[in-house]
Amino acid sequence: MAPFVDLNIVNTTDRKRLQSLIETAAHLGYSTVALNHVVEFQGKRQEIAKPTSIAELFPSPPIVQGKSKPIKIVTRLTVIVSDASHCNDLRTTSPHTRSYDIVAVLPKTEKLFHVACMTLDIDLICINVIEKQPYHFRRPSVNGAIERGIYFELAYSPSIKDSTMRRYTISNALSLMQICKGKIS
């Protein structure tokens, strides 16, 4: 049986809430969770914060329901990229960026999507599903990302709340699947 994994637990400053979320995930049988720190650059230069220390959060992580192993907690950085200069910040890889286990980007334009697929040293490319995709996926970019071992993420939680979001989620997922011909790395 495949393990349950949640790579998008939004990091919050409320430690009790974060601990409760992780304990609930372990109780539900999730074997791995990622604490997601989202950064949206407003100005030209912005410092990326250090990831949350897992040892501070849990001296001993909770045990996964139905298994005798503790839940694995990793850190994730998601950078919302709306300008090419933000890509340069990721290329230089600040010490704080390297300290995250998973690095993801959410490109806002087709050009930035292409740069993320072809040149950035990242693990995930997030696809925005709360709006109609402002650009079309291009096969060379998507194939380049697949060849480099980059995965695509479609967060489907907004589709549960609203029928319009559901339509955008399905449309964006179908568009991506048609371009990559169903390949998953």
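**Close-up views of a predicted model**

View 1. Phe137 sits in the loop between strand 5 (124-127) and helix 6 (139-147). Phe113, in helix 5 (residues 110-118), is also buried, with a relative accessible area of 1%.

View 2. A pair of aromatic rings is described by the distance of the centres and the angle of the planes. With ring centres within 6.5 Å taken as a pair, the count is 3 aromatic pairs. In one of them, the ring centres of Phe113 and Phe137 are 5.3 Å apart and the planes stand at 55°, so this pair is tilted. Phe113, Phe137 and Phe152 form one aromatic cluster.

View 3. Strands of a sheet pair through backbone hydrogen bonds, either parallel or antiparallel. Here 6 strands form an open sheet in the order 1-2-3-4-5-6, and the pairing is parallel. Strand 1 (4-10) and strand 6 (151-154) are at the edges; each has a single partner strand, so one side of each has no neighbour in the sheet. On average, neighbouring strands are turned by 30° against each other, direction ignored.

**View 4. Strand 2 beside strand 3.** Strand 2 covers residues 30-40 and strand 3 covers residues 72-81. The two strands pair in the parallel sense over 9 bridges. Val38 stands opposite Thr78, which is in strand 3.

**View 5. Helix 5 on the sheet.** Helix 5 lies across strand 3, strand 4 (102-107), strand 5 and strand 6. The angle between helix 5 and strand 5 is about 155°.

**View 6. Helix 5 against helix 6.** These two helices pack at an angle of about 30°, with their axes 7 Å apart. Angles under 35 degrees count as roughly parallel, and helix 5 and helix 6 are therefore roughly parallel to each other. Their crossing is left-handed. On the helix 5 side, the residues in contact are Phe113, His114, Cys117 and Met118. They meet Pro140, Ser141, Val142, Gly144 and Ala145 in helix 6.

Note on methods: Residues are numbered from 1 along each chain as its sequence is written. This is a predicted model: local features need pLDDT of at least 70, side-chain atom pairs count only at pLDDT 80 or more; totals for chains, interfaces and linings use all residues. Side-chain values use heavy atoms; hydrogens and water are left out. Rings of Phe, Tyr and Trp (its six-membered ring) pair if their centres lie within 6.5 Å; planes under 30 degrees apart count as stacked, over 60 as edge-to-face and the rest as tilted. Helices (H or I, at least four residues) and strands (E, at least two) are DSSP runs, numbered from the N terminus. Buried means under 20% relative accessible area, exposed over 50%, partly exposed in between (1.4 Å probe, protein chains only). Two strands pair if DSSP finds at least two bridges between them. Axes are lines fitted to C-alpha atoms, for helices over the stretch in contact, and angles run from 0 to 180 degrees between N-to-C directions. Contact means heavy atoms within 4.5 Å. Angles under 35 degrees count as roughly parallel, over 145 as roughly antiparallel, 65 to 115 as roughly perpendicular and the rest as oblique. A crossing is left-handed if the near helix is turned anticlockwise from the far one by less than a right angle, and right-handed if clockwise.
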